[in-house]
Every structure is written in C-alpha cells, then in structure tokens.
Amino acid sequence: MKLARAHQFIEAVAAQDLEAAEELLDPDVETVTPRGTLRGIAACRQVLQKAGGDEQFAMEQAEPEFEDIEGDVIARTQEIARWRETGEVAYERDFAVRLTLEDERIVRIVVMPAGAPPSQLNSPPD
C-alpha cells in the first residue's frame with residue numbers, strides 16, 4: 001500500500017495536480033529540503049509548486065524508480081530544466097525524494113536534489 005500511495009503522490013506532483021497530492025499528506029507533514037525543515041500542508045505546497053519550475057525554467061521528470069528502504073519509499077528520477085524562453089535544456093540532474101508514510105498518509109518528505117546519497121537513506125531521526 002505504501003508503494004501505491006507513493007506512486008500516486010509522485011504522479012500528482014509531476015502533473016502539477018497539487019490538490020490530489022495534498023490529499024495524500026498528513027496535516028502536519030514534515031518537509032525537509034536543503035534549505036531547512038517546514039511543517040504543514042501549506043508549507044509543503046510551496047515546495048511542490050517549485051517542482052513544476054519557475055519564471056525561468058520549465059521542469060520535466062523522467063519516469064521515476066521506486067524502492068522500499070527501511071519502511072520508507074525512495075522515488076528517484078532524472079530532472080530536466082528547460083529555459084522557458086527557448087525550450088533548450090538548461091541542466092539535468094538526479095533527483096530523489098524519501099517518503100515516510102503512516103496510516104496511508106505521507107508524514108515526512110525529504111527532498112534530495114542530487115539524488116539519494118547514502119547518508120539520506122538512513123532512518124529519520126527520532
């Protein structure tokens with residue numbers, strides 16, 4: 001069930017269907033990014049909106065690969081940023097998120113822009 005929920009969430013984010021993505025989140029979801037930790041659905045939504053790009057870049061993701069690690073789900077993909085003005089590729093990078101689920105809700109999201117380094121694969125701190 002966790003893997004199916006993770007698939008639903010990643011698909012919703014990739015489609016920029018943030019309402020569908022939010023339905024899978026715990027109200028007090030913890031979102032961990034390289035810039036810090038945020039709590040709640042509204043804060044998570046701001047992070048998810050950036051996944052679709054900004055004024056400069058349109059973002060695309062390759063088909064994600066999913067893996068169950070220590071009860072969490074890691075979703076890895078290749079992210080491609082294109083210049084909105086020209087459509088040319090600006091950069092490509094590995095990208096991953098680690099999703100922690102409880103009672104069919106996502107309670108923690110760890111955003112890993114460079115993929116999933118071994119240090120991020122360990123269990124979250126208690």
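This is a predicted model: local features need pLDDT of at least 70, side-chain atom pairs count only at pLDDT 80 or more; totals for chains, interfaces and linings use all residues.

User: How many salt bridges does the structure hold?

Analyst: The structure holds 10 salt bridges.

User: What makes R5 and E104 a salt bridge?

Analyst: Their closest N and O atoms are 2.8 Å apart. The cut-off is 4 Å between a side-chain nitrogen of Lys or Arg and a carboxyl oxygen of Asp or Glu, so the pair qualifies. R5 sits in helix α1 (residues 2-14) and E104 in the loop between β6 (89-102) and β7 (105-112), so the pair links distant parts of the chain, 99 residues apart.

User: Why is E104 called partly exposed?

Analyst: E104 has a relative accessibility of 40%. Buried requires under 20% and exposed over 50%, so E104 falls in between.

User: How do you know that R108 and E30 tie together separate parts of the sequence?

Analyst: The side chains of R108 and E30 meet in a salt bridge, with 2.9 Å from N to O. R108 lies in strand β7 and E30 in strand β1 (residues 25-33), so the parts they tie together are 78 residues apart in sequence. Both R108 and E30 are buried.

User: Why does the pair R98 and E70 count as a salt bridge at 3.9 Å?

Analyst: The N to O distance of 3.9 Å is within the 4 Å cut-off, so the pair of R98 and E70 counts. R98 is in strand β6, while E70 is in the loop between β4 (65-69) and β5 (72-83), 28 residues apart.

User: What joins E19, E22 and R45 into one network?

Analyst: Salt bridges that share partners join E19, E22 and R45.

User: Which residues are buried in helix α3 (residues 41-50), and how do you know that they are on the same side?

Analyst: The buried residues in α3 include A43, C44 and L48. They cover an arc of only 140 degrees around the axis, which puts them on the same side of α3. On the other side of α3, A42, Q46 and K50 are exposed.

User: What do the buried residues of α3 pack against?

Analyst: The buried residues of α3 pack against α1, α2 (18-22), β1, β2 (36-39) and β7.

Key: Residues are numbered from 1 along each chain as its sequence is written. Side-chain values use heavy atoms; hydrogens and water are left out. Helices (H or I, at least four residues) and strands (E, at least two) are DSSP runs, numbered from the N terminus. Buried means under 20% relative accessible area, exposed over 50%, partly exposed in between (1.4 Å probe, protein chains only). The arc is that of the directions from the helix axis to the C-beta atoms. Contact means heavy atoms within 4.5 Å.
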